[in-house]
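Visitor: Could you walk me through this one? I have a few quick questions.

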Amino acid sequence: MKTGRRLSLLAAALTASFATQAWGSELPSLGEDSSPWQVDLTYENHTVKREHTGLAKFRNTMQAEFDKRAGNGWGIHGILRGSWDGVYRMNSKEYGNDAGGAITSQSTVNGSQVTVPWGVGAPPAPPFNNPLGGILQFPATYPNNPNQGLRVLGDRWHGTDGGVGFAVPVRPCDVDSRGCRDFGGYGNKTLSELEMPEFNDRLDFIRELYAKKSFSLGDGKELFVKIGKQQVVWGRTDLFRVLDVINPVDFSRNNIYDELSDIRIPMWIAQAEYRMGASDWMQDRNFQLVWNFDKFRPNNLGQCGTPNVILDAGCFFRGMANLWDNGGTVANFANIAPGTLLATNFGPGQIGLKDVHLPEWSLSNTQLGAKYEGVTMNGLSFSLNALTYRSQLPSLHGGKRATNSFTGQYQNAWPYLISFDMHFPRVNLVGGSMDFQLPAVGAAVRMEAAYTQGEEFANTMREELYSKNDVFRAVVGVDRPTFIPFISETSATLISAQLFYQHIFNHEWKQEKFGPVGMPDWENNFIGTLLIKGFLRNGTVSPQIIFAHDFRAQASAVAPQVEWNYTNDLKITIGANYKIADGRDHWKFDDCRACNPFAPFTAPNGDPNPNASYSRGFGGMEPLGRFRAGPIGAAFKENDIFLRVNYKF
């Protein structure tokens, strides 16, 4: 969408807010059977200072929330939100038009890492002989890929380590279009679209806009319907999305540190809920159907060059797309002698990410869910859930078409080659949740569990470099208000703990000559969180601290903050988040540089099976280490302090 159009939409929203103030927070009634509009308007500034990079956010947000009782029992609810983030102009050398620069590449020579100029890769000489004839495809220059506006893949979260790093363009896509793709609402954004992310072709400034009504069916039963742009929340836990997967999430807003209600991406959805009331065995019973009829939307993982790129995944995608389009130098790739891995030049169309297959908008791609929910006579609340949907995380299918770097031969499939297309597979989910009280200890317990079929994971034991696996996830949360005298002698302190578990069925992993191969994701993993939140000065001051720990990644986060309700309308929050990572060595994983896709030319030096294509286990941080580090470990260099000011008009 053009900048002028976005500004006009923002102006329209502000005009509505001025009208709200003029009418004393109410707009005129429309229709005899309707009520006046009830409107709340808020402004928020969120400023973040990041270690090593400086200003990482200067986001200004205006939000209008409105409700109205329309005629014939219908109700209308909406939320409009528009924001402008000044960080792209105020810190343009990190995140804007001046980001990046010239880079160097790394080679490993006799076991030691050395740097070489970018674009100077391994020469086409023995052992890269070419007995079959053809033209060697190792360019010496890159006219469409100049050494400017670049960063090295992974430098956001780790140092050089002998892995397969390569160049990643980091400037907005109207300044530098290299590697820009539409990954489903992100990945190809201009400067103005990054500054004002809600004003786009998907009308994201409309956070919610739906109509709802209850129809009486007699005997205490009723049918409740809600249709429009909305969030459907199935989960009972915080942070972890086990059942709560109907709406995708915008991680580019503030990584995992915002409330889910602020970063879920609302979709056009129809809900119908049959409210059956009580029975002999139940206090209450409901049956809900959900139809997400909107155009497909994945999670927003962040565009490379922006402050929040969860798992650094957006940089991997953009760098791989640039390699496919323009070619480039890949560090530590060519194994020409024991302990020697030279930076290697690849031409366009040899390795990288080519096509993004976003699901088409049609009935065959519809997403449907059903939930039965009840409350037993002893107060236990539970739900049984089923959902068929498209994965909101991308899957990279490798072993695709490419031109052989040694012979010039084009082929539609090269097993184990790091030539990818991006897909979003269909996933089927069944699960349930419950919550109940433990009066003896004064605590409430929340539980969720889900079993999915159809999810796809990176897997270097497969020719196509991915596998389809069933997954079980569960989370248990315990909440307890507790009097802690040194925090407050008059108000209880909330203590909330959660433990998340994930198991991948038929997990594949084995030790090869040079290291492990298979699936970088852990077969079993636990992540725990602990929240301690106090309430001081009659609840106007609320200090809190959150701890999170990823057990397999050996990565932790600590997030203290203090929230001060200065008046009923003005709230000030100051805080930080700090990451600790102790397990960086075991984040390294097989990167398929020794998979030998162009046999026999790409077999490791001295390999006894030069005509066999499979991974021998050479590995580093890139590109698969990010899945072992997880969202906490992959952000351990991003320590932030922040100030957030929220004013309600």
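**Salt bridges and cores**

Guide: Let me start with glutamate 198, which counts as buried because its relative accessibility is 4%, where buried means under 20% relative accessible area, exposed over 50% and partly exposed in between, with a 1.4 Å probe and protein chains only. Please keep in mind that this is a predicted model, in which local features need pLDDT of at least 70 and side-chain atom pairs count only at pLDDT 80 or more, while totals for chains, interfaces and linings use all residues. Residues are numbered from 1 along each chain as its sequence is written, and side-chain values use heavy atoms, with hydrogens and water left out.

Visitor: OK, and what does glutamate 198 form a salt bridge with?

Guide: Its partner is arginine 81, with the closest N and O atoms 3.6 Å apart; a salt bridge here is a side-chain nitrogen of Lys or Arg within 4 Å of a carboxyl oxygen of Asp or Glu. The pair links distant parts of the chain, 117 residues apart, since glutamate 198 is in the loop between helix H4 (191-195) and strand E9 (206-218) and arginine 81 is in strand E4 (residues 75-85); helices (H or I, at least four residues) and strands (E, at least two) are DSSP runs numbered from the N terminus.

Visitor: Is arginine 81 buried or exposed?

Guide: Arginine 81 is buried, with a relative accessible area of 7%.

Visitor: How many salt bridges are there by this rule?

Guide: The count comes to 33. One of them joins glutamate 373 and arginine 236, whose closest N and O atoms are 3.4 Å apart. Glutamate 373 lies in strand E16 (residues 367-376) and arginine 236 in the loop between strand E10 (221-230) and H5, so this pair ties together parts that are 137 residues apart in sequence. Glutamate 373 is partly exposed at 24% relative accessible area, whereas arginine 236 is buried at 16%.

Visitor: And arginine 275, what does that one meet?

Guide: The side chain of arginine 275 meets that of glutamate 273 in a salt bridge of 3.1 Å, N to O. Arginine 275 counts as partly exposed at 26% relative accessibility, and glutamate 273 as buried at 14%. Salt bridges that share partners also join Arg59, Arg81, Glu198, Arg253 and Asp258 into one network.

Visitor: Switching topic: which residues touch the most other members in the largest nonpolar core?

Guide: They are Phe317, Val330 and Leu353, out of 44 residues, where a nonpolar core is a set of buried Ala, Val, Leu, Ile, Met, Phe, Trp, Tyr and Cys residues joined through side-chain atoms within 4.5 Å. Helix H5 (260-263), helix H6 (313-326), strand E13 (328-337) and strand E21 (419-423) each supply at least two residues of this core, and H6 gives the most, with 6 residues. A second, separate core of 19 residues includes Ile246, Met267, Val290 and Tyr389.

Visitor: What is phenylalanine 317 in contact with?

Guide: Leaving aside neighbours within four places in sequence, the contacts (heavy atoms within 4.5 Å) of phenylalanine 317 include Phe183, Tyr186, Leu301 and Leu353.

Visitor: Last one: where is threonine 573?

Guide: Threonine 573 is in strand E31 (residues 570-581) and counts as buried at 2% relative accessibility. Among the residues that threonine 573 touches, not counting those up to four places away in sequence, are Gln561, Glu563, Phe642 and Arg644.
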